[in-house]
Amino acid sequence: MSARSRLCILLAALATFTTGASVPGVAQAAHRVPNTAVLDGARLQQTRLRLDRGDPQLRRAVQALTVRADRWLDQGPWTVVDKPRPAPSGDVHDYLSQAPYWWPSRTPTSDNPWGCPYVQRDGERNPEVDTGTDRQDVEKTFDSAYDLSLAWYYTGEKRYAEKAGQVLRTWFLDPATRMNPNLNHAQFIPCKYDGRAIGIIDFSQSYTSVLDALALLATGAPGWTETDRVGMTEWNTDFLDWLKNSDFGKQEAAATNNHGTFYDMQLAGLAYATGDKALARRTVLDARSKRIAPQIAADGSQPQELTRTRSWHYSTFDLVAYTRLAAIGRHVGVNLWVYQGPDGQSLFKAVDYLLPAATGAAAWPHPELEFHRYAATDVVHAAADAGDQRAQQAVPLLEGPPGGDLWALRPAAEQLDSIAG
């Protein structure tokens, strides 16, 4: 790593600090603005102060959040090195996942243990992908780090911060258990591919939650050290370099559907978190003509996502990436919400297209194997916060997701009906 890269890492780590109390804990967190990539740090700080003043709605939301966080306390930590077989590289530190919608076409035998060749069944998840790879463990790592860090930020209970630190150090930092910063073997297909560019979606769909968890912990979480902060910034810098320069990264950048949107969102988030605000800003600006104009139709529909057997899921999924990218844009002076393409395409129109189904006023008129109305809840919240009047009127009619609506505490869209692929 060059001297310039090391300097950038140090500056990015130091940038996570603002003035505050010297004793770690809730009082200190309440006086620091987290340097989050997607979440609005100033808004989180104000929410924390409102909670201190006894806001009853926020207290109920915190109770729902701590229920989620409590479930993680006796789970994990997880690591890439404990899968039953290594990635095709032979390195146990390389991440491995299997393509979710590919199935064996033959009964496995001793001569053909996988049942090859594999064939695609779009939207139908092969249960094989949840055993023998890192896919489920990485999702637990990301989700737990986010829930636990938020729970610490809002309650000050050190057990949440300490568990989040253990989870993150085990997956990313400890030499014996850390993951190599690449996705060379994501979404492999037995007997066909050792890894695929589209496997980057394994990280891009939720890794910005880890970036925000790191920013929350950096406000003074007990047990989260300077060494941890610098180590994570170094890992993220190396991963960003792989994402920009690898063949897989370049292929995913060229994708014209949700994969491309999520790539941009992950790229911008990593760039912002590691101190390259120019790259973050450029990525958000380019998304206007590169993503919104060709991917969203004049009526607000997303034609490429509507061709899927899970058209509702993928329409909301793509908008999770867009709304998070717009949130990153806010930090670098770009308002992605106000952009209109040559035919009037916009993020507001894309969200408004979902509102009849999201509010229960009309059935979703496209193919969907498993419709969940609440899948749109977060993206409607995001549009409402950005000033969409139709979305604002729809908010009271939304269906709460399982576990409760946590938008007031973490106003950044999640894929609420995740099918992990």
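Analyst: Contact means that heavy atoms lie within 4.5 Å. The model shown here is predicted. By that criterion, and not counting residues up to four places away in sequence, T208 touches V38, M265, G269 and R324.

User: Where does T208 lie, and is T208 buried or exposed?

Analyst: T208 lies in helix α8, which comprises residues 207-217. Buried means under 20% relative accessible area. T208 has a relative accessible area of 2%, so T208 is buried. The C-alpha atoms of T208 and L270 are separated by 7.6 Å, although these residues are 62 residues apart along the chain.

User: Which residues are in contact with T261, leaving aside neighbours within four places in sequence?

Analyst: T261 is in contact with R291, Q295, D318, A321 and Y322, with those neighbours left aside. T261 is found in helix α11, residues 258-273. Its relative accessibility is 0%, so T261 counts as buried.

User: How many helices and strands does the protein chain have, and what are its overall dimensions?

Analyst: The protein chain has 17 helices and two strands. Its C-alpha trace spans about 65 × 55 × 40 Å along the principal axes. A radius of gyration can be read against the value for a compact globule: with 421 residues that value would be near 22 Å, and the protein chain has 21 Å, which agrees.

User: How far apart are the mean positions of the positive and negative charges?

Analyst: The protein chain has 42 positive and 48 negative charges, and their mean positions are 4 Å apart.

User: What is a disulfide, and which residues form one here?

Analyst: A disulfide is a covalent bond between the sulfur atoms of two cysteines. For assignment from coordinates, the two sulfur atoms must be within 2.5 Å. The count comes to one disulfide by this rule. C116 and C191 form the disulfide, with their sulfur atoms 2.1 Å apart. The link of C116 and C191 is right-handed, with 75° about the S-S bond.

User: Which parts does the pair tie together?

Analyst: C116 lies in the loop between β1 (102-104) and β2 (118-120), and C191 lies in the loop between α6 (158-173) and α7 (201-204), so the pair ties together parts that are 75 residues apart in sequence. As to accessibility, C116 counts as buried at 9%, whereas C191 is exposed, with a relative accessible area of 58%.

User: Why is helix α16 described as largely enclosed by the rest of the structure?

Analyst: Helix α16 covers residues 377-385, and eight of its nine residues are buried, so the helix is largely enclosed by the rest of the structure. The buried residues of α16 are T377, D378, V379, V380, H381, A382, A383 and A384. What covers them includes α14 (311-331), α15 (347-358) and α17 (389-394).

Notes: Residues are numbered from 1 along each chain as its sequence is written. This is a predicted model: local features need pLDDT of at least 70, side-chain atom pairs count only at pLDDT 80 or more; totals for chains, interfaces and linings use all residues. Side-chain values use heavy atoms; hydrogens and water are left out. Helices (H or I, at least four residues) and strands (E, at least two) are DSSP runs, numbered from the N terminus. The radius of gyration is taken over C-alpha atoms; the globule rule is 2.2 Å times the number of residues to the power 0.38. Lys and Arg count as positive and Asp and Glu as negative; His and the chain ends are not counted. The place of a charge is taken as NZ of Lys, CZ of Arg, CG of Asp or CD of Glu. Buried means under 20% relative accessible area, exposed over 50%, partly exposed in between (1.4 Å probe, protein chains only).
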